[in-house]
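Colleague: Hi! Could you walk me through this one? I'm still new to reading structures.

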Amino acid sequence: MDAPEEILLDLNELAEGHAFFSLGDFVVSDDGGLLAYTTDTVGFRQYQLHVKELGSGRLLEDTAERVTSV
C-alpha cells in the first residue's frame with residue numbers, strides 16, 4: 001500500500017501543559033469518519049472521552065468525564 005502518512009492524534013500536542021498524560025482507548029468508527037479516544041491527565045485512570053472528526057480534524061465539543069472505555 002502506498003499511502004501518505006496520516007497522524008490521527010499528536011500525543012505531544014495533547015500532553016502540552018499537563019504534568020501527566022496518558023492515552024487510554026483509541027477506536028476508529030466502522031466508516032472511518034470518527035475517532036473516539038480517552039485521555040488521563042491526572043494519573044489516576046480518570047479518563048475523559050473525546051471524539052474527533054477525521055475528515056475535518058475537528059474535535060467535537062461534547063466530552064464525557066471518568067469513563068472506563070470507549
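Colleague: What share of the contacts with a separation of 6 or more comes from residues 24 or more positions apart?

Modeller: In this protein, 15% of the contacts with a separation of 6 or more are between residues 24 or more positions apart. A contact here means heavy atoms within 4.5 Å. Please keep in mind that this is a predicted model, where local features need pLDDT of at least 70 and side-chain atom pairs count only at pLDDT 80 or more, while totals for chains, interfaces and linings use all residues. Residues are numbered from 1 along each chain as its sequence is written, and side-chain values use heavy atoms, with hydrogens and water left out.

Colleague: Thanks! How many helices and strands are there?

Modeller: There is one helix, and there are four strands. Along the sequence, they come in the order α-β-β-β-β. Both are DSSP runs numbered from the N terminus: helices are H or I with at least four residues, and strands are E with at least two.

Colleague: And what box do the C-alpha atoms fill?

Modeller: Roughly 40 × 20 × 20 Å, taken along the principal axes.

Colleague: What percentage of the residues is buried?

Modeller: Of the 70 residues, 17% are buried. Buried means under 20% relative accessible area, exposed means over 50%, and partly exposed is in between, using a 1.4 Å probe and protein chains only.

Colleague: Let's pick a residue. Is His50 buried or exposed?

Modeller: His50 counts as buried because its relative accessibility is 10%. You'll find His50 in strand 3, residues 47-53.

Colleague: Which residues is His50 in contact with, leaving aside neighbours within four places in sequence?

Modeller: His50 touches Leu35, Ala36, Tyr37, Thr39, Leu59 and Thr63. With Thr39 there is also a polar contact between the two side chains, at 2.9 Å. A polar contact is a pair of N or O atoms within 3.5 Å; within protein, one must be able to donate a hydrogen and the other to accept it, and residues adjacent in sequence count only if both atoms are side-chain atoms.

Colleague: What is phi of Arg45 near?

Modeller: Phi of Arg45 is near 55°, a positive value in a residue other than glycine. For background, most residues other than glycine have a negative phi. Arg45 sits in the loop between strand 2 (34-40) and strand 3, and with a relative accessible area of 70% Arg45 is exposed.

Colleague: What about phi of Arg66?

Modeller: Arg66 has a positive phi of about 50°, although it is not a glycine. Arg66 belongs to strand 4, residues 64-67, and counts as exposed because its relative accessibility is 63%.

Colleague: Which residues does Arg66 contact, leaving aside neighbours within four places in sequence?

Modeller: Those are Gln46 and Tyr47.
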